Amino acid sequence: MADQSQFRLMGQRRFLPFFLTQFLGALNDNFFKNALLFLITYGVARGLLGLSTDVAVNLAALLFILPFVLFSGIAGQVADKYDKARVIRWVKAAEILIMLVAAVGLWQGWYEVMFLLLFLMGTQSAFFGPVKYAILPQVLRDDELVGGNALVEMGTFVAILLGMLLAGVVMAGADAVHWIAIGVLVMAVLGYLAARQVPSASAASPDLTLRLQPLRETWRLIGIARENHAVFQGILAISWFWFLGAAYLTQFPNFAKVDLLGDETVVTLLLAVFIIGIALGSMLCEKLSGHRVELGIVPIGSLGLSLFGLDLYFSVPAAPVESTWMSLLTSASGLRVLADLLGVGLFGGFFIVPLYAFVQQRAEAAKRARVIAALNVINALFMVVSALVGALMLGPFGLSIPEFLLVLSIANLVVAGYVYAQVPEFALRFIIWCLSHTIYRVRHEGLEHIPDEGPAILVCNHVSYTDPLVIAGAVRRPVRFIMDERIFRSPLLGWFFRLAQTIPIAPRSKKPEVYDAALQKVAEELEAGNVVCIFPEGKLTTDGEIDRFRQGIETLVEQTPVPVVPMALQGLWGSVFSHKGGTAGTHPPKRFWSRIGLVAGPAWEPGRVSAADLEDAVKTLRGGRA
């Protein structure tokens, strides 16, 4: 099924009802929130509570975000303790009650109560958030996780756009308040009906004790998220994206008015292009990632975000003329602005979807919903900080909006560099992704034999210098490779080997201290539950045949008894990085995007392992394709 589109999920009950539920929820949230902002700014609710429009608008935004900080700790516990489908139905039933009160309030003109209802809507969203992402790894296979997340992100951003547009259309018509009242209630009911069809998703931690201490539990969430360093850095990267996204969305109205001299239609066009870009980028992720959680496209996303953001600064006309949506689409400068916004959105999709899938996949199953709840808290805080930074940059610092967006684009490179330095796997996967999409097309077989968790040793034949990259690109889990110390200390590539946490080794007879240090490091990695790969031949093949396996593999298993998975590379003999036709790297490549294979056999128990038997097993797996 891996060769099918992610859209096939839309025809399956395990996904479609959930997708419709979250789409209708996001649509209702944004319709209600934007309709209320329109009422405060232009409609009958102006001067609400005696507040100025600017204060009322910002208070409304704060009241919607505040529940994520207050209640995410409890929400994460609830999502881990109970069946997630049941929690979804509880949340959607609460939405009907909230929207019923909202409808009555709008109908009767009780606009002051709208602030309370906005807070309650934020609370409802805070309880839905952990379930929204924690349920996906339970109902989707690993090769569907990226596609499922792509559909969810696409649906969310399309719902944001439609909510904004629908609020504007309704406010422009007659009897707007009554239509808003009917709309929010109808969407809440439809969302609940969709939620009724979501299949059961069993509790991850049914014995969890609920602690109803909002602020303390919120702080505890952060501690849970920090238990896995890579996951926490992924959370920070996601939150940074929402920092950027909130900054762009907030500045669009003034950007259109001041820098493009545009009317309301220009604001709508900018929003539409930006959100369509994110939706398209999200949809392309599955194809680019090969139906896997592929961190290699995250650096591509961050680079694209900055490059198109930088070009946006230069694309803004120095002497703008009055514009409409049509004039923007028919002028060279207008098209460049739109292309840049589309690019920012597109690469934003590349950036965000793999990160969400990564956090879901790597978070401990029993704590996954609480990790997602922590993500929601940090997202909310980053969006608040985004608003404050925007106010400072555009106020006391006196930057124009294009200058502010330029600063954000440069800052994005700095933040990306920090995250990739903290989690080298991001940068490593980027290099592997580039290699596997230019030089090789890799066919995988039997990789399900590699344990999903816990320690294991991979044993493979050694054909070329790119063998570790091919294996690392194919195996879902991070792999620690053992390699010749002389290559490890290469001035040209040593930094890369250190980045990949490669383990250098040397013959015991020549450098016993290096040999012993390597054995100690392998033991530490295995005891930590990681995967280690060794090439028992100890060198590249010089004739395409598999050389004798050395006894080192037996020593490693005796030292730390763990499962051993035999593997074989096929089709690499003759590549520019093999010794066929001369020393590897001295002869030019004859072709690009070559078909190669990586085949794994069933895992061996430690007591069965012998170098000679593993050699035979790898030869059998390789077959006749050197």
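Guide: Buried means under 20% relative accessible area. The model here is predicted.

Visitor: Why is Thr502 called buried?

Guide: Thr502 has a relative accessible area of 10%. The cut-off is under 20%. Thr502 is therefore buried.

Visitor: Where does Thr502 lie?

Guide: Thr502 sits in the loop between helix 19 and strand 4 (503-505).

Visitor: What is Thr502 in contact with, leaving aside neighbours within four places in sequence?

Guide: Its partners are Phe481, Met483, Phe488 and Phe497. Contact here requires heavy atoms within 4.5 Å.

Visitor: What makes strand 6 largely enclosed by the rest of the structure?

Guide: Strand 6 covers residues 564-570, and seven of the seven are buried, so the strand is largely enclosed. Both sides are involved. Val564, Pro566, Ala568 and Gln570 point one way. Val565, Met567 and Leu569 point the other way.

Visitor: How do you know that strand 6 and strand 2 pair?

Guide: Pairing needs at least two bridges. Strand 2 (residues 456-460) and strand 6 have four, in the parallel sense. Ile457 has Val564 as its bridge partner in strand 6. For Leu458 the partner in strand 6 is Val565.

Visitor: Which way do strand 6 and strand 7 run, parallel or antiparallel?

Guide: Strand 6 and strand 7 (residues 594-600) run antiparallel, joined by four bridges. Opposite Met567 stands Ala600 in strand 7.

Visitor: What makes strand 2 mostly covered?

Guide: Five of its five residues are buried. Ala456, Leu458 and Cys460 point one way from strand 2, while Ile457 and Val459 point the other way.

Visitor: How do you know that strand 2 and strand 5 pair?

Guide: The threshold is at least two bridges. Strand 2 and strand 5 (residues 531-534) have four, again in the parallel sense. Leu458 faces Cys533 in strand 5.

Visitor: Why is helix 17 called largely enclosed?

Guide: Seven of the eight residues of helix 17 are buried, so the rest of the structure largely encloses this helix. The buried residues are Asp467, Leu469, Val470, Ile471, Ala472, Gly473 and Ala474.

Visitor: Which residues of the largest nonpolar core touch the most other members?

Guide: The core has 147 residues, and Phe15, Phe18, Phe32, Leu136, Ile180, Leu270 and Phe426 touch the most other members. Helix 9 (residues 229-259) gives the largest share of this core, 16 residues. Not counting residues up to four places away in sequence, Ile180 touches Phe31, Ala35, Leu39, Leu106, Val170 and Met171. Another core, of 34 residues, lies apart from the largest one. Its members include Ile439, Cys460, Leu469 and Phe496.

Visitor: How much space lies in the second largest pocket?

Guide: About 1,400 Å³. The lining has 47 residues, and closest to the pocket centre are Ile482, Met483, Asp484, Ile505 and Gly538.

Visitor: How do the lining residues of the second largest pocket divide?

Guide: They divide into 28 nonpolar, 11 polar and eight charged. Gly counts as polar.

Notes. Residues numbered from 1 in each chain as written. Predicted model: local features only at pLDDT ≥ 70, side-chain atom pairs only at ≥ 80, totals over all residues. Heavy atoms only, no water. 1 Å grid on protein atoms, 1.4 Å probe; cavity = no way out; pocket = protein on both sides within 12 Å on 5 of 7 lines; lining within 4 Å. Points joined across faces, edges and corners; volume = space filled by probe spheres on them. Helix = DSSP H or I, 4+ residues; strand = E, 2+ residues; numbered from the N terminus. Buried < 20%, exposed > 50% of the residue type's maximum accessible area, 1.4 Å probe, protein only. Core = buried A, V, L, I, M, F, W, Y, C linked by side-chain atoms within 4.5 Å.
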